[in-house]
Amino acid sequence: MNTPLISIIMACYNQAAYISEAIDSLLCQTFHNWEAIIIDDGSTDNMKSVLQPYLDRDSRIIYIRQDNQGPSCARNNGVKHSRGKYILPFDSDDILSPTYIEKGVTFLEEHPDYTLFCCRVKKFGATNKIFDICYTDYKQELLKNQLVVSSIFRRTDFDRVGGFDEKFLTGIEDWDFFVRLLYHSGKVKQSQEILFHYRIRKNSRNRIEKTKKRFHRHILLQKTFRKIHGVFRESS
């Protein structure tokens, strides 16, 4: 079996209604040397039965079930079982444009001095509009997350920073991860093409937890400055 160049990490919990669209967008990629590690985070719906036809016909798709432990643990577990040089976290209700992986992998292969590849994003579902999120620089990233979790980066860098912090259970784990990943002048390439589609649902995790993210923002900022800049003393 050929070693995949990129591993797509899909952490999912009760997403049986949407995961087929996400996987179909993977199967339509113009880049084919990938594997998809699906971590079922203790779903109680018919996730496995929806996935079974894909598992039966495409050996690149791997299914692993775990007890419910949250997205950080699920993503870390997926990376642990992955073989790719590059990592792409991919939520199971979102959609990739056909050329996203090809353009991301090609860019990072040709630019080893860059840490991360991302793109412009469009929301769809309950809201249909361009996602006004754009990476400017690291200082601004400290104040507000400017990246979506479905960005492409190297496995070596993931290991270097220790993956996602499993203490974050409320949807802010991606921001914390990017702050650590890009420290020490990590360079970001943001394509101006819309290559990623971010689903918005009326009762989706990304809407329910918006208030929680605001509440916990100061906690992340304190942690960031304490660990990276030494501004705050460690609490006793």
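**Entry 1: the model.** I am working from a predicted model.

**Entry 2: helix H3.** I looked up residues 71–80, which form helix H3. I found H3 mostly covered, with 9 of its 10 residues buried. Among the buried ones I noted Pro71, Cys73, Arg75 and Val79. Asn76, Asn77 and Gly78 are buried as well.

**Entry 3: strand S9 and its partners.** Next I turned to strand S9, residues 188–200. Strand S6, residues 116–125, runs parallel to S9, and 10 bridges join the two. Strand S5 covers residues 95–96 and pairs with S9 in the antiparallel sense, over 2 bridges. There I see isoleucine 95 opposite histidine 197 of S9.

**Entry 4: arginine 199.** I stayed in S9, where arginine 199 is found. Is arginine 199 buried or exposed? Its relative accessibility is 8%, so arginine 199 counts as buried, the cut-off being under 20%. I then checked its side chain. A polar atom there lies 2.6 Å from the backbone oxygen of aspartate 93.

**Entry 5: cysteines.** How many disulfides are there? I get a count of 0. Cysteine 118 is in no disulfide. The nearest cysteine sulfur belongs to cysteine 119, 6.7 Å away. Cysteine 118 is buried, at 3% relative accessibility. Cysteine 28 is exposed, with a relative accessible area of 52%.

Note on methods. Residues are numbered from 1 along each chain as its sequence is written. This is a predicted model: local features need pLDDT of at least 70, side-chain atom pairs count only at pLDDT 80 or more; totals for chains, interfaces and linings use all residues. Side-chain values use heavy atoms; hydrogens and water are left out. Buried means under 20% relative accessible area, exposed over 50%, partly exposed in between (1.4 Å probe, protein chains only). Helices (H or I, at least four residues) and strands (E, at least two) are DSSP runs, numbered from the N terminus. A polar contact is a pair of N or O atoms within 3.5 Å; within protein, one must be able to donate a hydrogen and the other to accept it, and residues adjacent in sequence count only if both atoms are side-chain atoms. Two strands pair if DSSP finds at least two bridges between them. A disulfide is a pair of cysteine sulfur atoms within 2.5 Å.
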